[in-house]
Amino acid sequence: MDLDLRKLRYFVAVAEHRQFGRAAQALFIAQPVLSRQIRAFEQELGCLLFTRTTRSVELTPAGRQLYDEARRITTVVDTALRRVHEAERGEQRLVIAFSPGLHMSDAIRAFTASHPKVQIDVFPLRWWEQDAPLRDGRAHVGHLRHPFDDSGLRTVPIGHETKVACLPVTHPLAGRHTLTSADLDGEPILDVRTRRTSSLEEKFELIASGQGLALVPLSVAGSYSRPDLVYLPVTDALPVETCLAVPESTCAGPVPDFLDITTATLRRHSGDAETEVAGTAGPPPDASGHQGRKSGAHSVRRLTE
């Protein structure tokens with residue numbers, strides 16, 4: 001069967017609003033029309049997508065699966081149509097995705113100096129979709145950290161960065177200057193296996209409130225400074241590899257030039273002096289629970305070679 005994109009968009013609206021009336025308003029169509037279209041869509045697919053009550057609708061297992069697929073499908077279609085219109089207007093545009101803490105500004109400035117007519121957009125990545133925007137067309141190039149699924153992607157190594165432990169200032173280990181992996185044995189670690197969070201801000205809020213610790217790349221620690229958190233080097237933690245990634249099918253337009261310029265720029269910066277993020281030492285909390293250090297501050301020191 002051929003998939004009706006119009007009905008698919010109607011389905012997504014109902015799935016997100018969980019109510020036909022609100023979905024119809026968002027789509028600017030009458031509710032009876034929307035109801036008929038969804039019933040026709042279910043008949044075409046041969047399965048129920050919603051369980052309906054007088055107050056709301058809920059996704060069936062088939063509906064939940066289709067909703068996950070539909071978001072990817074509509075994203076790919078919308079991206080393809082946008083690129084068609086850009087090509088018709090003779091425009092050149094690059095969308096650059098980057099993982100939290102990794103910066104592209106120097107590379108973009110270097111590229112723009114020699115390619116002023118190429119429009120550059122940036123795409124901040126969330127932790128759970130490192131390679132997804134490269135696969136569905138939302139981004140042309142990614143500045144990523146391993147590990148991720150690199151099948152079908154061309155990757156260019158850039159450098160390595162260390163991981164640091166993120167702790168609340170009230171933690172017994174917060175007064176240390178460095179840690180080892182053994183020091184963290186038995187500590188609750190917030191990661192994808194133990195507690196999935198929707199953002200780094202959520203993760204850091206949980207850490208600050210005493211819900212656990214986390215190992216984060218050094219650049220992330222430098223980008224998310226808070227007075228109630230301490231970042232300590234973990235001396236035996238394995239470094240994280242950073243890289244540029246593009247779809248293997250991408251070999252035309254401004255992407256090759258961008259890769260060449262960006263690789264040289266980022267590698268040059270990755271060879272600069274390493275930044276160490278460490279918690280300042282101080283006495284344990286007093287009877288009131290306050291830490292005997294200035295606002296739980298942490299220091300950022302530039303290491304000399």
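Student: How many bridges join strand 5 to strand 10, and which way do the two strands run?

Tutor: The general idea first: strands of a sheet pair through backbone hydrogen bonds, either parallel or antiparallel. In this predicted model, strand 5 (residues 141-145) and strand 10 (residues 240-247) are joined by 4 bridges and run antiparallel. To see one spot, find Gly-142, which stands opposite Ala-245 in strand 10.

Student: In what order do the strands of that sheet come?

Tutor: Read across the open sheet and you get 4-3-5-10-6, 5 strands with mixed pairing. At the edges are strand 4 (119-124) and strand 6 (153-161), each of which pairs on one side only. Ignoring direction, neighbouring strands here are turned by 20° against each other on average.

Student: Which helix lies across this sheet?

Tutor: Look for helix 9 (residues 255-270). It lies across strand 3 (93-98), strand 5, strand 6 and strand 10, and runs at about 15° to strand 6.

Student: What about the 3 strands that form another open sheet: what is their order?

Tutor: That order is 8-7-9, and the pairing is antiparallel. Strand 8 (214-217) and strand 9 (229-233) each have a single partner strand, so one side of each has no neighbour in the sheet. From one strand to the next, the twist averages 40°.

Student: How many bridges hold strand 7 to strand 9?

Tutor: Count 5 bridges between strand 7 (residues 163-168) and strand 9, with the two running antiparallel.

Student: Let's turn to helices. At what angle do helix 1 and helix 2 pack?

Tutor: For a helix pair, check the angle, the distance between axes and the residues that touch. Helix 1 (residues 5-17) and helix 2 (residues 20-27) pack at about 130°, with axes 8 Å apart. They are therefore oblique to each other, and their crossing is right-handed.

Student: Which residues of these two helices meet?

Tutor: From helix 1 come Tyr-10, Ala-13, Val-14 and His-17; from helix 2 come Phe-20, Arg-22, Ala-23, Ala-26 and Leu-27. Sorted by class, this contact has 7 nonpolar, 1 polar and 1 charged residues.

Student: And how do helix 1 and helix 3 cross?

Tutor: Their axes come within 10 Å and cross at roughly 110°, with helix 3 spanning residues 31-45. That makes helix 1 roughly perpendicular to helix 3. This crossing is left-handed. On the helix 1 side, the residues that meet helix 3 include Tyr-10, Phe-11 and Val-14, while those on the helix 3 side include Leu-34, Ile-38 and Phe-41. The contact divides into 8 nonpolar, 1 polar and 3 charged residues.

Student: Is Gly-63 buried or exposed?

Tutor: For that, look at the relative accessible area. Gly-63 has 0%, so it is buried. You'll find it in helix 4 (residues 61-88). Leaving aside neighbours within four places in sequence, Gly-63 is in contact with Phe-11, Leu-48 and Leu-49. It also shows how sequence and space can be compared: Gly-63 and Phe-50 are 13 residues apart in sequence and 6.4 Å apart in space, C-alpha to C-alpha.

Student: Where is Asp-191 found, and which residues does it touch?

Tutor: Asp-191 is in the loop between strand 7 and helix 7. Not counting residues up to four places away in sequence, it touches Arg-196 and Lys-203.

Student: What should I look for in the backbone?

Tutor: Arg-18 isn't a glycine, but has a positive phi of about 55°. Arg-18 lies in the loop between helix 1 and helix 2 and is partly exposed, at 31% relative accessible area. Phe-28 isn't a glycine either, and has a positive phi of about 60°. Phe-28 sits in the loop between helix 2 and helix 3 and counts as exposed, at 76% relative accessibility.

Student: Which peptide bond is cis?

Tutor: Go to the bond from His-146 to Pro-147, which is cis with omega near 5°. Pro-147 is in the loop between strand 5 and strand 6.

How values were computed:
Residues numbered from 1 in each chain as written. Predicted model: local features only at pLDDT ≥ 70, side-chain atom pairs only at ≥ 80, totals over all residues. Heavy atoms only, no water. Axes fitted to C-alpha atoms, helices over the stretch in contact; angles between N-to-C directions. Parallel < 35°, antiparallel > 145°, perpendicular 65-115°, else oblique. Left-handed = near helix turned anticlockwise from the far one by under 90°. Contact = heavy atoms within 4.5 Å. Nonpolar A, V, L, I, M, F, W, Y, C, P; charged D, E, K, R; others polar. Pairing = 2+ DSSP bridges. Buried < 20%, exposed > 50% of the residue type's maximum accessible area, 1.4 Å probe, protein only.
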